[in-house]
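Reader: Please show me the model. Then I will ask about the terms.

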Amino acid sequence: MNTAAQIAASLRPDEVSDLVNRFPGGYWKYDIKDFVLLVNPYFPPQAFLDELKNALPRLITCYPSPNAQLVQLLADAVKTPANNLVICNGVAELIPILLGRLGMRIAVPVPTFNPYETTALPGRLSRFFLSPPDFELDVHRYAAFARANGVDGAVVISPNNPTSRMVPYPDLLYLASALRAQQQLLLIDESFIEFSALGRSASLENHLLEFPNVIVLKSLGKIYGTCGLRIGYAASANVQTMDEIRAALPTWNVNTFAEFFLSKLPHLAHAAKQSWMRVGSDRDKLYADLRSIDGMRVLKPDANFVFCELPPHWPDGDVIASTLLRDRRILVRHNGGKTLQNGKRFLRIASRTEDDNRLLVEALKDISD
């Protein structure tokens, strides 16, 4: 038995609880099928991994290049001018700068990605509650809410985490315009947009000059299957805010492995697009299969994960998750930690490969029997 399997076999009840309720990553240590990590299972391609393996002795002993060179590598990969970009060690590095160091007063639609709520300074967070059962963002009401609360900026995640729902492109353009007229920022996290039907064609990154009040936040780990490399960026034509972010970042905030990946990324564009299509196909099949479970309510997903409400006669999500982990070595995430009424009645399920997704659905159906 390998080491990972030995660790998994010896999981104590408290360790199961940590994995189900609180454990923030590190799942590679466990012999489990992880339906929590929101990552592309079809990228990077094996040829790149072989190159990385060969370069490892050199990369591990070197400092990364200066930030200006790294930003140019990023610009070549994402097709956005370098002067409109700030590269970071994952979006998680940017959120404390914007909401903590810069002390922004923000509006946040909930439920959403927790750090946007937990990082805001006391008295500087205004929650905008999304209405069940569909949790759609009404941009007209949200713009009015931002104005009434006098915030510096309004946060949007599109597609949203955990609901996997995308804000329609025309609605985002309206919101950017309305907030610009109110002299307020729009902080839009587009970390999952490539998995949506419209992809980057619906990105506000295409409108930076038109809307200097827009700051696009982007994690690359989800779409490229490289969460461990910790690469993200901010994109904006807002010179003042971008300069403030740059001033807050350390000299070396992105490692050599990430730099190597960025240097290869322009040559992997076709493979990346093919992988996003494959993820979308698997996700749509997972969505259909989850809907076939009696009483399960599932939102139509735009990202690489599915948000569903458990059937009324089922136990809460923490019980379901513990059962799946203990009996099947399957890890899923319930939403008890979100700003969401009855959050434990909802699961957020990452789409893995078609075979893995089928195993999960079969396990859930066994619970229902």
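Author: The structure holds two cavities of 30 Å³ or more. This is a predicted model, where local features need pLDDT of at least 70 and side-chain atom pairs pLDDT 80 or more, while totals for chains, interfaces and linings use all residues. Residues are numbered from 1 along each chain as its sequence is written, and side-chain values use heavy atoms, without hydrogens and water.

Reader: What makes a space a cavity?

Author: A cavity is a set of points on a 1 Å grid over the protein atoms alone, where a 1.4 Å probe fits but cannot get out. Its volume is the space filled by probe spheres set on the points, which are joined across faces, edges and corners. The largest cavity comes to about 50 Å³.

Reader: How do you know which residues line the largest cavity?

Author: Lining residues have an atom within 4 Å of a point. For the largest cavity they are Asp282, Lys285, Leu286, Asp289, Glu354, Asn357 and Arg358. Helix H12 (269-291) and helix H14 (354-368) each give two or more. H12 gives the most, four residues. Helices are DSSP runs of H or I, at least four residues, numbered from the N terminus.

Reader: Why is Asn84 called buried?

Author: Buried means under 20% relative accessible area (1.4 Å probe, protein chains only). Asn84 has 9% relative accessibility, so Asn84 counts as buried.

Reader: What is Asn84 in contact with, beyond its neighbours within four places in sequence?

Author: Contact means heavy atoms within 4.5 Å. Asn84 is in contact with Leu208, Ala234, Ala235, Ser236, Ala237 and Met242.

Notes. Buried < 20%, exposed > 50% of the residue type's maximum accessible area, 1.4 Å probe, protein only. 1 Å grid on protein atoms, 1.4 Å probe; cavity = no way out; pocket = protein on both sides within 12 Å on 5 of 7 lines; lining within 4 Å.
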